[in-house]
Amino acid sequence: MRTPVSTGTPTPLRQRSFRFLLIATVGGFSGYALLLPVVPLWAVSGGAGEVAAGATNAVFMLITVLTQLVMPWLLRRVDCRGLFALGTALIGAPTPLFALSSDIATLLGVSALRGIGFGVLTVTGSALTAELVPIAQRGRAAAYYGLAIGLPNVALLPAGVWLGERIGFEPLFWAAGAVPLVAALTALGIARVHLGEAKRTAPARPVALLPSWTIMVVNTAAAGGLTAFLPMAVDASVAPAGLLVFAAATMLGRWLAGYVGDRLGQRGVLRPAVLLGGIGVLLLAVAAWTADPVALAGAALFGAGFGAVQNTTLILMLERVDSATASTAWNIAYDGGHGLGAIGFGVLIAATGYPATFAITGALLVLCRALAVRRWA
């Protein structure tokens, strides 16, 4: 049930259950981040082509989104903590099966099982973030939760490939399976939360989510396109630094947005965040013709804006509907937006080239500020 507002607990970290949620989240997302670039490499080593190798992650994300669609129904009937532990365990338990074979059918089947777990983990994690802390601390809680997600991604996405080359794929699969399983046990320290019994702070009107949801989809699509195509759009020597700057700025932006949003209001953060991200992507368009520092500046500005947009849109959605619906909608926007961005950027690049694609994307982000200005954003 929802934790009552309390002015005597100035930080979400005072909540014991929330601390356990953060620890378990780090473990669950570590199992995800370690293998995201590794499974396609394992498929190629077994003789699969690039398309089939890419399909392993595509199936994983497709099943993730399909699972997320049923989560509001499930969350109103099953203990949220139990679902969170189950989702975390499903990220890890099937993973050692990768070591049995690099046959593409096996890889797709295991990826699908892990996709179910990831869909459950992402939605329940966001919902628990909202339910385990007082309402006045939600912005900061979402910021801490964003760090628990972001740190494994920044540290372990490159580490997975490095470890695979040095210790071998099979030991890595066993290790990547064990970490989420331990994290699932950690989740037992979280208090039980039954969302079906929680009182809503506002009537459940999913259409009220549309402005914030649209802003999130557009920004996430831009992020998906950036991460997929920045190495090809700018000089190869600056691309890794650009991606690192983008990831670090995203975490910093989300962190700051949580603290500022709780004090000044979420809309006061969302408007400049959307504009900042748009300016950053426009700078990336300029970077196609200019020096490397412009690309790094663009990646930093877009990352900071994107991180702030992540935090504020989630809190704004939670203000309008119950946490099960808000968490599901936000996670679908995030995961689906990444896929749309990679596909959309590919189409635009083929038609117009890299500078024009970034310019069009930056303009769309700036236009999204009109949605953020509206009171119903």
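Predicted model: local features only at pLDDT ≥ 70, side-chain atom pairs only at ≥ 80, totals over all residues.
Student: What does R76 pair with?

Tutor: With D322, and their closest N and O atoms are 2.9 Å apart. That pair links distant parts of the chain, 246 residues apart: R76 is in the loop between helix 3 (50-75) and helix 4 (80-92), and D322 is in the loop between helix 11 (292-320) and helix 12 (323-352). Helices are DSSP runs (H or I, at least four residues), numbered from the N terminus.

Student: Is D322 buried or exposed?

Tutor: Buried, with a relative accessible area of 8%. R76 counts as partly exposed, at 32%. The cut-offs are under 20% for buried, over 50% for exposed, and partly exposed in between (1.4 Å probe, protein chains only).

Student: And which residue does R192 bridge to?

Tutor: D79, with the closest N and O atoms 3.1 Å apart. R192 sits in the loop between helix 7 (169-186) and helix 8 (210-233) and D79 in the loop between helix 3 and helix 4, so the pair ties together parts 113 residues apart in sequence. R192 is exposed at 54%, while D79 is buried at 9%.

Student: Which residues are in a network with those two?

Tutor: R81 is linked with D79 and R192 in a network of salt bridges.

Student: New topic: how do helix 8 and helix 13 pack?

Tutor: At an angle of about 160 degrees, with their axes 11 Å apart; helix 13 is residues 354-367. Axes are lines fitted to C-alpha atoms over the stretch in contact, and angles run from 0 to 180 degrees between N-to-C directions.

Student: So what do we call that arrangement of helix 8 and helix 13?

Tutor: Helix 8 and helix 13 are roughly antiparallel to each other. The labels are roughly parallel under 35 degrees, roughly antiparallel over 145, roughly perpendicular from 65 to 115, and oblique for the rest.

Terms used
Residues numbered from 1 in each chain as written. Heavy atoms only, no water. Salt bridge = Lys/Arg side-chain N within 4 Å of Asp/Glu carboxyl O. Helix = DSSP H or I, 4+ residues; strand = E, 2+ residues; numbered from the N terminus.
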